[in-house]
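I opened this notebook to record what I looked up in the structure. The entries follow in the order I made them.

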Amino acid sequence: MAASAMDGVAATALRSVLHRVKQAAERSSRVPDRIKVVAVSKTKPVSLLQEVYDAGHRYFGENYVQEIVEKAPQLPEDIEWHFIGNLQSNKVKPLLTGVPNLFMVETVDDEKIANNLDRVIGNIGRKPLKVLVQVNTSGETSKFGVDPDGCLDLVKHVTSKCTNLEFCGLMTIGMPDYTSTPENFKTLTNCRSEVCNALGIPEEQCELSMGMSGDFELAIEMGSTNVRIGSTIFGAREYPKKQ
C-alpha cells in the first residue's frame, strides 16, 4: 500500500498496523498475505470508514446490527463485512436482508443462532454464509461463546445440520489482561486441533480469529489468521462507544 500526501490519520494508522502485521508474520515464519486485518468500525462515522477504504482496505467489522445495516448501503459494495458482535435471534433477518455483502458472522455460539441463520438464509435465497464458531476461552461469564468442551459438538451441528452455513473456523475474545491472553489463544488453537482431527480437515483450512488492538501481534505469532483492530486504526477519543 503506497503512502499518499493526502492520507488522513486513520489511513496512516492502518498502514502502520499492516506493517506490524507483516513483521509479526515474518517473526513466526508465516505468509503476511494470509493474515486478514478486520478494521472494527463500531461507533465510527461513515466518513472515517470511507477514508480507510480509500486507502485500499476492504475488510470491516461491526458489533451492532443497527450500525452495520445503516453503514453498509452508504459504502462501496466490494467491502467484506464481518459481524463480530453477539447476535440475537430477532436481529438475524434484519442483518441478512440489510447487508447483502455480509461476508461472515464470527459469533455463532450456540445451535439456536446457527439454526436461525440457516433458516433465514434459506428463506431469502442468498448464497451460503461463512461463519466462525465463537469459543469462550477465558471462562468469563461476561463473554459470549461456547465452552471449549462444547466446541466440537457445535461445529459438528453447523457442518451437518446447517446446509446454508459454511463453517470456516473459530473465534475468541481473550481476556483484557495482556499477560493472560496467550493462554486464551492456546485454548483456541487446541480447539482447532480437536475440530480438524474430528472432521478430517487440514488445520490451515480452519481460520482462527483472535487478537485485537492490544495483542494482535502475539495472536499472529500464535497462529491467528484474522485479527480485529479497532481503536489502533480509528482512534478512540473523538467517537465514544455507545452506552
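**Helix packing.** Before starting, I noted that axes are lines fitted to C-alpha atoms, for helices over the stretch in contact, and that angles between N-to-C directions run from 0 to 180 degrees. I also kept in mind that this is a predicted model. Two packed helices are described by the angle between their axes and the distance between the axes.

I looked up helix 1 (residues 9-27) and helix 2, and found that they pack at an angle of about 50°, with their axes 8 Å apart. That angle makes helix 1 oblique to helix 2. I recorded the crossing of helix 1 and helix 2 as right-handed. On the helix 1 side, the contact is made by Val9, Ala10, Ala11 and Leu14. On the helix 2 side, Leu48, Glu51 and Val52 make the contact.

**Lys42.** I then asked where Lys42 is placed. I found Lys42 in the loop between strand 1 (36-40) and helix 2 (46-54). The unreviewed UniProt entry annotates Lys42 as "modified residue: N6-(pyridoxal phosphate)lysine".

**Helix 7.** I checked the length of helix 7 (residues 181-199). Its 19 residues, at 1.5 Å a residue, should span 27 Å, and the end C-alpha atoms are 27 Å apart, so the two agree.

Next I listed buried residues of helix 7, among them Phe185, Leu188, Cys191, Arg192 and Val195. What do the buried residues of helix 7 pack against? I found helix 6 (151-161), strand 6 (165-171), strand 7 (207-209) and helix 8 (216-221).

Last, I looked just after helix 7, where Gly200 takes a positive phi of about 70°.

How values were computed
Residues are numbered from 1 along each chain as its sequence is written. This is a predicted model: local features need pLDDT of at least 70, side-chain atom pairs count only at pLDDT 80 or more; totals for chains, interfaces and linings use all residues. Side-chain values use heavy atoms; hydrogens and water are left out. UniProt positions are given in the numbering used here, feature names are shortened, and annotations may be inferred rather than shown by experiment. Helices (H or I, at least four residues) and strands (E, at least two) are DSSP runs, numbered from the N terminus. The expected span of a helix is 1.5 Å times one less than its number of residues. Buried means under 20% relative accessible area, exposed over 50%, partly exposed in between (1.4 Å probe, protein chains only). Contact means heavy atoms within 4.5 Å. Angles under 35 degrees count as roughly parallel, over 145 as roughly antiparallel, 65 to 115 as roughly perpendicular and the rest as oblique. A crossing is left-handed if the near helix is turned anticlockwise from the far one by less than a right angle, and right-handed if clockwise.
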